[in-house]
4 protein chains.
Amino acid sequence: MALRDRVRDVVDGKRFQQVIIGVIAVNAIALGCETSPALVSSYGGLLTGLDDAAMVVFVAELAARFYAHRLRFFRDPWNCFDLVVVGIALLPAAGPLSVIRALRVLRALRLVAMVPSMRRVVTALVRSIPGLLSLSGLLVLLLYVGGVVAVNLFRAGGDPRFGDLGSTVLTLFQITTGDGWSDVMRDLMATQPLAWIFFLVYLLVGTFTMLNLFIAVVCSAMESESESGSGSGAKAGAVTPDDRLLDEIRALREEVRALRLERVGTATAGQ
Amino acid sequence: MALRDRVRDVVDGKRFQQVIIGVIAVNAIALGCETSPALVSSYGGLLTGLDDAAMVVFVAELAARFYAHRLRFFRDPWNCFDLVVVGIALLPAAGPLSVIRALRVLRALRLVAMVPSMRRVVTALVRSIPGLLSLSGLLVLLLYVGGVVAVNLFRAGGDPRFGDLGSTVLTLFQITTGDGWSDVMRDLMATQPLAWIFFLVYLLVGTFTMLNLFIAVVCSAMESESESGSGSGAKAGAVTPDDRLLDEIRALREEVRALRLERVGTATAGQ
Amino acid sequence: MALRDRVRDVVDGKRFQQVIIGVIAVNAIALGCETSPALVSSYGGLLTGLDDAAMVVFVAELAARFYAHRLRFFRDPWNCFDLVVVGIALLPAAGPLSVIRALRVLRALRLVAMVPSMRRVVTALVRSIPGLLSLSGLLVLLLYVGGVVAVNLFRAGGDPRFGDLGSTVLTLFQITTGDGWSDVMRDLMATQPLAWIFFLVYLLVGTFTMLNLFIAVVCSAMESESESGSGSGAKAGAVTPDDRLLDEIRALREEVRALRLERVGTATAGQ
Amino acid sequence: MALRDRVRDVVDGKRFQQVIIGVIAVNAIALGCETSPALVSSYGGLLTGLDDAAMVVFVAELAARFYAHRLRFFRDPWNCFDLVVVGIALLPAAGPLSVIRALRVLRALRLVAMVPSMRRVVTALVRSIPGLLSLSGLLVLLLYVGGVVAVNLFRAGGDPRFGDLGSTVLTLFQITTGDGWSDVMRDLMATQPLAWIFFLVYLLVGTFTMLNLFIAVVCSAMESESESGSGSGAKAGAVTPDDRLLDEIRALREEVRALRLERVGTATAGQ
């Protein structure tokens, strides 16, 4: 057995994955502890050490997997996800890019790829996205068109929530989620008493679209549910009455066959 | 080939539609840029020029379509939508009507009519509206009746949200969407301690109706979903067991036919 | 034809109902106008006159209906609803009972009983209530138990929203609807830092129950939907394949009958 | 009949359960009254007495049940629930544990175990939990990862809602429920103008996951609904067309049998 095969056996083995899950969990907890100034001042060295050790393990793991599977490694989207999430920590995080340091904890999301039941759930979620693109596109278009209309109508009022196109679109998104829309409307109505017309129209159109987006998610989720479930349920139920019919027809066929045999018997006897 | 036919070929062609989609997109972006004072002061002339050019293209396009399809042009509701949306920019927008200028960006909604997948989505949304009319009517009636009751009960408290019938109905609509209803109630309870009775009753009745309106949308959406899907799914599944039965019955028929032929054979032989 | 039969024909006739619908609508608009001090000062006499006239019409209508249907009148719950709603205006509305005057507009809800499509919708809504009683009871129990726990835990903090059992239950209802629960929690956490435990537990249990109450509504609505729809849809679809089978079996039966006739023929011939 | 059997008959009898339901209800109302200082100062002794009496009844009841069923008592999870809920009152409630006194009212939840329709509802709710574990786990993971990212990004701003990991996770939970997320975002954007990126991403991912969690609840609820309902509905509908087929096939079989009998008859006659 070649070295590559042996590495693949180890890398794809259950024990190896359990070790990695453990490292991810410990790493996630360490990164959580690093958010506490008290813990950092007491155990800062230990936490940094744990993080560095986890990084070494992850890089070694991905290298071993890449060695074992070669370019097929990139065919599995979960591997690409792992690569990106681990790679974040290797980016330079000085100066304006210090935000990237905050993203190191995204590594904890690797747990999703490792635990089969979560992996299945996320795969199902991701698969339902393409069916939502038309409706999401419609919603983005509504946000943009509504934003341009609203910024033209309400900018004069001086409300910072309608100060420029970006803020306005963000405010409309807030209104579409239904959070505090009445406060926004009442503030505007102080200077522009007819603002409620815009809000009513936008709320009805936007929420109706959102609602249908929601229904599209439900429908696609139920479809995939029923697809995976129909193998056992639907067929099992449908077979029962058909089986009664088949039995009846087979009995009839037996009868006809008996008739034919008798007939042949008498014909022979009658000759 | 007459000129009209050639125009129709061009107007209904794919390339022509792609050009129009491009013009709509560029126009929408230009109108978005016009909302930024900084961009207007630098490129104001260019943006106005782009808008005017887009208007010329749209008017020419609609004229060409009307020339090609004559009065059938008005049968397609999407064409009427295009006409209204483009026509907005031709209205006088001076003085009190300056609001109309803000509506020019509605032209961007023409994208919906142009992109088939979005068009299908919106057609489905519009088609589900008639089924909602009874429940919507009920909700409007509840808003009106609740508004008259509330304005009579709470106007004395001096809250501007219950100042007149219009404001009250708007406030009740806000309560029905569940946004900040508790703030409104607590403000009222300072002067009228029993106000919570009205809110509880209205919230239960109104939200229950809203919920059922929502369910009606879901039901009609799923119905149309299953209608469009039943052609392939349901029949394909139902045929399988029936085919087994049909096969069995056909085999039986063969048997009976064989019996009949044999019978005729023996009868001939026996004569 | 007796007078009672003639009255019944008139009262149950379409024209009579349309007149009553008109009176209800005019009365509802008049009561809406009465909420405007400006309109009352100008047309106060007219509005009061309209209301009185509508009352006379309603009392006469109900009397005629009662005369026509005698005690069967009370069997239709819609009639009882009409009686209560019209009767409100006959109650003494002086002094502390002036609230009752505000309820006169409930008469407008008679429109629901008059317009068949709305009547069907409301009947369906009311019919779905019994199936919700267990879950609603559970929710009320949760509100009560949660209220007693919360008032004991949080009353010491001095927040009026947790001042007594009534206020606390109202606040918990607000939390269950998800409106501003985080504000309530943060205010409490200023004095009782562990208050979030109660909120998290209550929110998860309460919202989960609400969610299932919602699902129960959806389920019962869809059930009744599919019951009313199955007569046409499901059977129409199921008959098609069966018909093919029936045709096949009938053809087979013809074949067997032909065989039998021939057999009798040969048997006769063979004798 | 042994004493144990007689006790079991009493304990499992209907009358005994009705008495216990009554005691639970009276006890719940007494505990509710104890929250009112006015009532406590007037009837404090009576209320405490009622509570003590109820405790005696409950302890005696559980002891009798345990005597009747022996260790099988612990097999029914509802009995364990009763034991815990009654046991709370026996814990020492002095000093820091005074919170436990507030939990005595949880005894009222025993009503759920006693009333069959509520018991069924809660059993169904509890049974639907395991199917939600993967998605709930995903949500908890998102809250943790989002919390670590957010506390690193926003702690510098000095907002107490992002002061430490615990507060941040609580704030993210608030955002996931959609309550006042825009206020939180706007407060942050005053110091960190790009905060909206985090909120948009988190809201889309978190709400999408919540939505699917919701759908999972709906799906599992409907599945169990259809399982319990399919016995009557689905089969009853499917049998009708099959019965027509069966009748037709049986008639055919009769015909074949007749043919066979005749054939035997002729064969005998022809011999």
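Which domains does the domain assignment give for chain A? It gives domain 1 (3–114), domain 2 (127–229) and domain 3 (239–270). Such bounds come from an automatic or database domain assignment. Taken over C-alpha atoms, the centres of domain 1 and domain 2 of chain A are 38 Å apart.

This is a predicted model, in which local features need pLDDT of at least 70, side-chain atom pairs count only at pLDDT 80 or more, and totals for chains, interfaces and linings use all residues. Residues are numbered from 1 along each chain as its sequence is written, chains are lettered from A and ligands numbered from 1 in the order in which they are written, and side-chain values use heavy atoms, with hydrogens and water left out.

Now look at D159(A). It sits in the loop between helix 8 (133–154) and helix 9 (165–176) of chain A. Helices here are DSSP runs (H or I, at least four residues), numbered from the N terminus. Is D159(A) buried or exposed? Its relative accessibility is 12%, so it counts as buried. Buried means under 20% relative accessible area, exposed over 50%, and partly exposed in between (1.4 Å probe, protein chains only). Beyond its neighbours within four places in sequence, D159(A) is in contact (heavy atoms within 4.5 Å) with D187(A) and L188(A).

Next, the cysteines. C80(B) is partly exposed at 28%, and C80(C) is partly exposed at 28%. How many disulfides does the structure hold over all chains? The count is zero. A disulfide here is a pair of cysteine sulfur atoms within 2.5 Å.

Key
Helices (H or I, at least four residues) and strands (E, at least two) are DSSP runs, numbered from the N terminus.
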